[in-house]
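My entries follow in the order I made them.

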Amino acid sequence: MNRTHMKIVLSVLISLVCTPLWSQNYEADILRFSNNNYSGTARFVALGGAFGSVGADISNFSFNPGGIGMYRTSVVQITAGANYSNYNSTYFDKANQDVKVNAVLPSVGIVFANTKTSKNGLFRSSAFGIAFNRLGEYNYSEKVEVFNTSPGSSLSWNWANEISSVYNGAYVNETSLDEVSFNTYTGFYGYLANFDSAVLDYTSPVVDSFLQTRYLDVKGGKNEMVISAGANYLDKLYFGATIGLPLLNYASDSRFIESDTANSLANTFFNEFELKEKYQTEGIGVNMKFGIIYKINDWIRVGGGFQTPERIGLTERYSSTLTSNFEVNSITGNTNYSIETGEGVFDYRVRLPWKANLGASLFFRDKGFVSADYEAVGYNAMRYTFSNDFKEVSDRINLGLKAKYQVGHNVRVGIEGVINKFRIRGGYAYSGSPIKKEYAVEGFNFSRHTVSGGFGFLFAKIALDFAYQHNVSRQFEQPYIVDNAIVSGVNRSINQGMGIVSLAYKLN
C-alpha cells in the first residue's frame, strides 16, 4: 500500500469509527456478519432450524455436524427459491417503505455414506459430505426522506464540528487539512464546512429547513462451504466434525442529498449537495465445528455442538463523490463544486463469535417428532485485527465491541407430523439481542422472531420438500452526530420472507 492509499484508508477508518455516518461503520459490519439466518434445506427451514438433535440434514453440517453420522445412504440435494425484504424506516417521524425481491440458493450438497461395519462391529456406518449453505442475506433497498426543520442538524455540520475539534477552531488552509476524515475533507472542498471569521469557528451554510433524502441499495450475502465427516457408534452415538469456509460479500451504493427546497433565507447561498458512496467488503475465512447426537432410546434424542470463532480475511474498497450547488459564491464566483475521491483499498481480519448449542427431541415412532434447541453466541468475542499502521484504530473499535456486546441467547422449536409419505412441519425461532441493555434502544435491540412452516413427500429414492420462513426484527441506527443539535435516529421495522423448495435424490 503506497503512502497516498494509506492516507485515504486512515481517513476512511477515522470517519467510520469516530462518527457513525450514513456510510458503513465497522461495528455494524461485524454484527451483520455474525448474525446467521436459519436458512438451508426446506426441511431445516420449516422446522425453524431446530435440528440439533434430529439428525441427518445437509444444513446441519453448519450447526451440529453430529447429524452426518446418521446417514445410511448417499444423497445429493439442492434447494432454491426466492427471498423478499420489506423495510419500514422512520426518520424524524417520517415513515418510508421499500421492498426488494431476489432469487436464493440456500443449500446444495452431496453426502457419501458407507454402511460397512468395523471389524469389531462397534461402528455401524460412516459418512463424508460437502455442502454449500447460505447463512446470511444482505439484499435490500431503503429510502429515507424528510423535510428537516431541526436547526443546525445538517450532515455538513458534522464536518464543520470535526474540523473545529481537530484544529481547535483555528483557520486552516486547504494545503494543511490532512488530519480529518474522508467525508469532512470533501465537505471542506465543497464549501460545506467553512471558517467563519465573525465567530472564529467552522460553520455550515445549511442552517435550517432543508430536505434530506438517502437512497441505499445493498447486495451480498454470507455463504459457507462445509466439508463434514462423521460416524455411527452402535446406533446410539452419532458424531461428526466440519471444516467451514465462510465466504462474505457485502456491497452498498448510497446517495445522500440535502436541498434547500423551501428557498429558506436562513440557508444564505446554499442550494443542494449530494454525497455518493460506494463500499464493498469481501473475503474468505475458516472455522471448525464439532457435534454429537445421542439416541437414549427410540423416543428421545439429545445433541450438542460447538463452533470455534470464525476468522475471516477481508478486503474493503471505498470511494465517494461529493457535488454541491450554490448561488454565486462571493469568494470564487463559482456555483458548482465536485470532489471525486480515488478508490481506497484496505485489508484486515475479523474474528466472529463462537457458538454452542444443545438440543433434545421426542419421537413418536412413525408419527413424527417435536424438537427444541438452545444456542449461545459469543458476540462479546468479536474482534478486528488491522495492520500495525492502524492498530490504534482497531484497538479503539475492539474496546467498543467488548463494552457494548454480550453473549446472545437463541431458542428454536420445531414439529413434524408424518402421514404415510406426507410430512407437515412448523417451527419458531427467537434470536435474542446481542446488545447489552444499557446500550440498546428500547424496542429496537436487534432481536429477531422467525416463524416457518412447510410440507414434503418422501418416496423410495426422492424427497421433495417445500418451506416458507418469515422473520421480523426491529433495528436502530444513529446516522451521524452534530454538536448542540437534535439528529433523529432511524428506526427500522424489517419483515423478511423466503419461500424455497428442496429436491433430494438417494444415490444408493
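**Entry 1: a charge and a ring**

I began with Arg301, which lies over the face of Phe363, 3.9 Å from the ring centre. I keep in mind that this is a predicted model.

**Entry 2: aromatic pairs**

How many aromatic pairs does a search of the whole structure find? I get 37. I picked out two of them to look at.

I took Tyr138 and Tyr250 to start. Their ring centres are 5.9 Å apart and the planes stand at 70°, so I log the pair as edge-to-face; the cut-off for that class is over 60 degrees. Next I checked where the two residues sit. Tyr138 is in the loop between strand E3 (123-137) and strand E4 (140-148), while Tyr250 belongs to strand E8 (residues 237-259). The pair therefore ties together parts that are 112 residues apart in sequence.

Are these two buried or exposed? Tyr138 has 5% relative accessibility and counts as buried. Tyr250 is at 0% and counts as buried too.

I then turned to Phe269 and Phe326. I find 5.2 Å centre to centre and 50° between the planes, a tilted pair. Phe269 lies in the loop between E8 and strand E9 (270-295). Phe326 is in strand E11 (residues 311-326).

Phe269 is partly exposed, with a relative accessible area of 27%, whereas Phe326, at 2%, counts as buried.

**Entry 3: the cluster**

Which residues form one aromatic cluster with Phe269 and Phe326? I list Trp159, Tyr191, Phe256, Phe270, Phe273 and Tyr337.

**Entry 4: the second largest pocket**

I moved on to the second largest pocket. About 980 Å³ of space lies in it. I count 34 lining residues. Nearest the pocket centre are Arg43, Ala56, Arg423, Leu458 and Lys506.

Which elements give two or more residues to this lining? I note strand E1 (75-91), strand E15 (368-378), strand E17 (407-419), strand E18 (422-431), strand E19 (448-458), strand E20 (462-477) and strand E21 (490-506). E20 gives the largest share of the lining, 3 residues.

The lining of the second largest pocket has 15 charged, 14 nonpolar and 5 polar residues.

Definitions and conventions:
Residues are numbered from 1 along each chain as its sequence is written. This is a predicted model: local features need pLDDT of at least 70, side-chain atom pairs count only at pLDDT 80 or more; totals for chains, interfaces and linings use all residues. Side-chain values use heavy atoms; hydrogens and water are left out. Rings of Phe, Tyr and Trp (its six-membered ring) pair if their centres lie within 6.5 Å; planes under 30 degrees apart count as stacked, over 60 as edge-to-face and the rest as tilted. Helices (H or I, at least four residues) and strands (E, at least two) are DSSP runs, numbered from the N terminus. Buried means under 20% relative accessible area, exposed over 50%, partly exposed in between (1.4 Å probe, protein chains only). A charge sits over a ring if NZ of Lys or CZ of Arg is within 6 Å of the ring centre and within 35 degrees of the ring normal. On a 1 Å grid over the protein atoms alone, a cavity is a set of points where a 1.4 Å probe fits but cannot get out, and a pocket is an open set with protein on both sides within 12 Å along at least five of seven lines; lining residues have an atom within 4 Å of a point. Grid points are joined across faces, edges and corners, and a volume is the space filled by probe spheres set on the points. Ala, Val, Leu, Ile, Met, Phe, Trp, Tyr, Cys and Pro count as nonpolar, Asp, Glu, Lys and Arg as charged, and the others, Gly among them, as polar.
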